[in-house]
Amino acid sequence: MIKLKSVYKDYKIDNELTFQALKNINLTIKQGEFSSIMGPSGSGKSTLMHLIGLLDKPTKGKILIEDKDISTLSDDKLSSLRNEFVGFVFQQFNLINRYTVLENVILPTMYAKRQLSFDPTKRAEELLKSVGILEKKDSYPNKISGGQQQRVAIARALMMKPKLILADEPTGNVDTKTGIEIMKILKELNIKEKITIVLVTHEKDIASQSKRIINIKDGIII
Amino acid sequence: MKTFIFFFKSALFNFARNKMRTLLTSLGILIGVLSVILLIALGLGFKKYIDQQFESLAPNLLRILPGTILEGGGFRGSPGLSTTRFDEEDFIDLKKVQEAEYVVPAFTKSVVATVGKEAELADIYSSSAEIFDVLNLSATDGKLFTKEDVDKRSKVVVLGPKIAEKLFKRKDLSLDRFVKIEKQRFKVIGVLKSFGGGFGGPDLDSYIYMPYKTGYLLNKDKKFIAFVVKVKEGIELSVAKKELNDALLKNYEEDEFSIVEQTELVNAISSIFNVLNSVLVAIAGISLVVGGIGIMNIMYVTVTERIKEIGIRRAIGARRSDILNQFLVESVVLSLFGGILGLLLAWIIVFFVQRFFPAYINATTVIIAIGVSTAIGVVFGVFPARKAAELSPIEAIRYE
């Protein structure tokens with residue numbers, strides 16, 4: 001489903017210095033996989049996730065999504081792919097505090113360019129129910145706990161029925177018990193809904209719960 | 001549409017959270033729209049007033065004034081600055097013109113009028129009996145002076161209602177009483193019906209009218225400042241104008257006098273006013289630009305405050321154009337809010353002004369107000385909105 005072919009990512013620090021975040025990455029992620037990208041902080045794992053999630057473009061190399069080279073796609077096309085194909089779950093939850101929980105979950109449908117096959121409010125409520133926080137649907141994100149916010153973020157990521165979920169340290173800002181529950185939800189999504197999941201983490205315990213571990217260090221897959 | 005409503009709601013929410021900021025920013029547009037609308041309303045009112053004056057004027061009147069007044073539809077000099085004064089000889093020459101039904105001389109002078117111990121500043125208007133016909137004036141109390149009064153140099157006056165009230169407290173008490181002007185006593189024989197108006201022109205209700213020959217008592221060199229000529233029925237004004245012109249050319253140079261139609265005069269006044277009003281509206285328009293800059297400023301602040309949010313939206317699929325539209329909607333709503341408040345305030349002020357002056361707001365003005373505030377929202381919102389739209393998703397979402 002996703003192929004990275006000799007991908008490099010450089011960051012310019014100043015005019016002369018560049019930092020190589022990723023070096024010659026070759027990676028294939030198959031449909032239905034549950035893989036973890038594991039590495040210490042600064043290893044380039046988040047950069048890799050951002051590339052897979054179409055938030056950023058590689059300096060060199062090719063990224064193919066369902067055999068389409070994304071470097072040929074326009075910004076609008078990439079936006080549409082992010083909207084329909086990928087669902088993000090961030091460490092910082094990244095909910096919009098001005099909107100209620102329900103509105104946050106509905107938000108991706110506002111950017112849908114295609115006719116939706118479902119009723120947004122109904123689907124959002126179902127998703128909130130499935131992650132167990134339907135009763136908080138009219139609360140604002142800053143009024144609920146971190147664990148609850150992460151559930152909302154998962155519901156939002158699922159809203160557009162994505163094929164891929166990218167989770168960047170999803171358990172990083174919640175307590176251990178909630179972390180276990182979040183992982184349980186992700187595992188269920190992988191098994192029951194056949195959603196491909198790529199998890200970014202620095203914790204071995206978390207990574208070991210996935211079927212495949214991709215170790216990364218200093219921008220190189222080891 | 002649903003996306004628009006979502007943005008709109010989001011904009012309102014944002015404003016509700018920053019009440020003071022929103023209010024202050026809108027205030028700039030409010031003041032701009034208010035001043036522009038008020039000036040337009042006054043301009044419209046003046047136009048209406050001029051039109052009313054037009055209707056009350058007899059169409060077959062010509063005015064003969066000293067100096068060159070009109071040229072190409074506008075004023076050139078001021079009649080007050082001209083040294084030309086007409087005399088009785090001119091009066092006689094003009095009366096000989098076949099096309100004129102009658103010729104009315106006019107002399108005005110500012111004097112002190114006394115009744116008992118009360119003294120008031122007043123303007124004398126001395127003329128012949130036809131002046132009341134020319135000016136469309138009639139008496140409510142007593143009578144008007146006649147041709148005999150002129151010929152017999154009767155020491156009588158007819159008072160405008162305003163001056164009558166000033167001098168005698170109650171205008172009906174003024175009949176048959178005497179007014180002292182420059183040591184002469186004049187008997188009040190009539191009080192005029194109120195003419196109204198008086199804006200931008202002579203106040204006909206405040207004059208003391210006097211037979212012109214009686215007026216020689218106050219006008220020792222027997223000069224006139226103007227003539228009004230009524231042209232006979234069925235004769236072209238231009239024909240009469242030429243004859244009158246020829247009559248005066250015997251004694252004067254071409255540029256020493258002017259013969260104008262009433263309508264020309266009104267048009268000239270109104271064209272001057274229109275220019276003046278346009279200039280004022282343009283100056284008021286500058287405040288709209290200032291208001292727009294205020295909006296731009298606050299929109300830049302808003303964009304910077306919400307970089308993270310922009311990143312989140314981009315991550316879940318917002319296109320550049322979605323972000324652009326979101327911030328444009330916000331700045332238009334902000335500007336429109338100020339514009340509508342300004343319009344409402346202008347409407348309230350005009351409502352009170354209408355007691356004194358026929359100012360009004362028409363549909364075009366409302367459309368201008370709404371259109372201009374929308375346009376300002378777009379023009380001054382587009383740069384901040386573009387800044388927001390062009391942020392790279394990854395940098396925006398990483399922003400703390």
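Domain bounds, as I use them here, come from an automatic or database domain assignment. I'm working with a predicted model, so I keep that in mind on every page.

**Entry 1: domains of chain B**

I looked up how chain B is divided. The assignment gives domain 1 as 2-52 + 269-398 and domain 2 as 85-251. Next I asked how many Å apart the C-alpha centres of domain 1 and domain 2 of chain B lie. I got 54 Å between those two centres.

**Entry 2: a helix pair in chain B**

I moved on to H11(B) and helix H12 (residues 363-389) of chain B. Their axes come within 7 Å and cross at roughly 145°. I noted the crossing of H11(B) and H12(B) as right-handed. I then sorted the residues of this contact by class and found 19 nonpolar, nine polar and two charged.

**Entry 3: where the chains touch**

How many residues of chain B are in contact with chain A? I found 17 on chain B, and they meet 18 residues of chain A. On the chain B side, the elements that give two or more residues are helix H1 (2-17), helix H10 (307-315), helix H11 (320-353) and helix H13 (393-398). H1(B) gives the most to this side, with five residues. By class, I wrote down nine nonpolar, four polar and four charged residues for the side of chain B that touches chain A.

**Entry 4: the four-strand sheet of chain A**

Over in chain A I traced an open sheet of four strands, ordered S2-S1-S4-S5, with antiparallel pairing. Strand S2 (18-29) and strand S5 (68-69) of chain A stand at the edges with a single partner strand each, so one side of each has no neighbour in the sheet. Inside this sheet I checked strand S1 (residues 2-12) and strand S4 (residues 60-65) of chain A, which pair in the antiparallel sense over five bridges. A:Ile2 stands opposite A:Ile65 in S4(A).

**Entry 5: the six-strand sheet of chain A**

Chain A also has an open sheet of six strands, and I read the order as S6-S7-S8-S3-S9-S10. The pairing in this six-strand sheet is mixed. Which strands are the edge strands here? They are strand S6 (86-89) and strand S10 (220-221) of chain A, and each pairs on one side only.

A:Ser35 stands opposite A:Val198 in S8(A).

Then I looked at the helices that lie across these strands. Helix H5 (residues 146-158) of chain A lies across S6 and strand S7 (164-168), and runs at about 170° to S6(A). Helix H6 (residues 176-192) of chain A lies across S3, S7 and S8, at about 155° to S8(A).

**Entry 6: a helix pair in chain A**

My last stop was helix H3 (residues 101-110) and helix H4 (residues 120-130) of chain A. They pack at an angle of about 125°, with their axes 9 Å apart. That angle is why I call H3(A) oblique to H4(A). I put the crossing of H3(A) and H4(A) down as right-handed.

Which residues make the contact? From H3(A) I listed A:Val101, A:Leu102, A:Val105, A:Ile106 and A:Thr109. From H4(A) I listed A:Pro120, A:Thr121, A:Ala124, A:Leu127 and A:Leu128. The residues of this contact of H3(A) with H4(A) come out as eight nonpolar, two polar and no charged.

Note on methods. Residues numbered from 1 in each chain as written. Chains lettered and ligands numbered in written order. Predicted model: local features only at pLDDT ≥ 70, side-chain atom pairs only at ≥ 80, totals over all residues. Axes fitted to C-alpha atoms, helices over the stretch in contact; angles between N-to-C directions. Parallel < 35°, antiparallel > 145°, perpendicular 65-115°, else oblique. Left-handed = near helix turned anticlockwise from the far one by under 90°. Contact = placed C-beta atoms within 7 Å. Nonpolar A, V, L, I, M, F, W, Y, C, P; charged D, E, K, R; others polar. Pairing = 2+ DSSP bridges.
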